[in-house]
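Subject: Structure handover

Hi,

Here is the structure I said I would pass on. My notes follow below it.

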Amino acid sequence: MRAEPYPAYDNGVLRIAQTSSPAGLAISGEIDEATYPALVTSLHELAEGHQEVQIDLGGVSYCDLAGLRAIVQLAEDGSTGPVRHVRLHNVPSYIRAVLAITGWDAVPRLDVES
């Protein structure tokens, strides 16, 4: 995944850059209550018109449960929008642990890659 040179969002705490091939986001920094709105906006923009999206979480140093839930919702059953396949790349071990504890690692159409 290659990120665009200029981020879609960067407030010094959270940086979200679009990737062009394949369509996706490269996220770094902290996802919390303060940065959640920017994450949701970026995820919504990404989801429009794409049946498959890639999200690189390798630079995420902190992610609260609401932020992770917003990411997982992209792969849900389509009751609130189109069904899409979501691939998570470079997932930090603490996020993997939360995905396993919540059972979100078993959501259909959500692939968690190392």
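I55 has L88 of β5 as its bridge partner. Keep in mind that this is a predicted model. A second residue, Q54, has R87 as its bridge partner in β5. These pairs belong to the pairing of strand β4 (residues 52-63) with strand β5 (residues 85-89). The two strands run in the parallel sense, over five bridges.

R87 comes up again on the way to the next strand. Its bridge partner in β6 is D111. Strand β6 covers residues 110-112. It is parallel to β5, and three bridges join the two. The chain gets from β5 to β6 through helix α3 (residues 93-102). This β-α-β crossover is right-handed.

**The rest of the sheet**

How many strands form the sheet, and in what order? There are six, in the order β1-β2-β3-β4-β5-β6. The sheet is open and its pairing is mixed. β1 and β6 stand at the edges. Each has a single partner strand, so one side of each is left without a neighbour in the sheet.

The antiparallel part includes strand β2 (residues 14-19) and strand β3 (residues 24-31), joined by six bridges. In that pair, T19 stands opposite G24 of β3.

β3 also pairs with β4. Here the strands run parallel, with seven bridges between them. I31 has C63 of β4 as its bridge partner. β3, α1 and β4 together make a β-α-β unit, and the unit is right-handed.

A general point for reading side chains off the strands: in a regular strand they alternate between the two faces of the sheet.

**Helices**

Which strands does each helix lie across? For α2 they are β3, β4, β5 and β6. α2 runs at about 170 degrees to β4. For α3 they are β4, β5 and β6. α3 runs at about 110 degrees to β4.

α1 and α2 also pack against each other. Helix α1 spans residues 36-47, and helix α2 spans residues 65-73. The angle between them is about 5 degrees, and their axes are 10 Å apart. Angles under 35 degrees count as roughly parallel, and that makes α1 roughly parallel to α2. On the α1 side, the contact is made by Y36, L39, V40 and L43. On the α2 side, A66, G67, A70 and I71 make it. By class, the contact has seven nonpolar residues, one polar residue and no charged residues.

Where does A8 sit? Its place is in the segment before β1 (9-10). A8 has a relative accessible area of 49%. Exposed needs over 50%, so A8 is partly exposed. Leaving out residues up to four places away in sequence, A8 touches I16, A17 and Q18. A8 and A38 are 30 residues apart along the chain. Their C-alpha atoms are separated by 9.5 Å.

Best regards

Definitions and conventions:
Residues are numbered from 1 along each chain as its sequence is written. This is a predicted model: local features need pLDDT of at least 70, side-chain atom pairs count only at pLDDT 80 or more; totals for chains, interfaces and linings use all residues. Side-chain values use heavy atoms; hydrogens and water are left out. Axes are lines fitted to C-alpha atoms, for helices over the stretch in contact, and angles run from 0 to 180 degrees between N-to-C directions. Helices (H or I, at least four residues) and strands (E, at least two) are DSSP runs, numbered from the N terminus. Angles under 35 degrees count as roughly parallel, over 145 as roughly antiparallel, 65 to 115 as roughly perpendicular and the rest as oblique. Contact means heavy atoms within 4.5 Å. Ala, Val, Leu, Ile, Met, Phe, Trp, Tyr, Cys and Pro count as nonpolar, Asp, Glu, Lys and Arg as charged, and the others, Gly among them, as polar. Buried means under 20% relative accessible area, exposed over 50%, partly exposed in between (1.4 Å probe, protein chains only). Two strands pair if DSSP finds at least two bridges between them. A crossover is right-handed if, with the strands pointing away from the viewer, the path from the first strand over the helix to the second runs clockwise.
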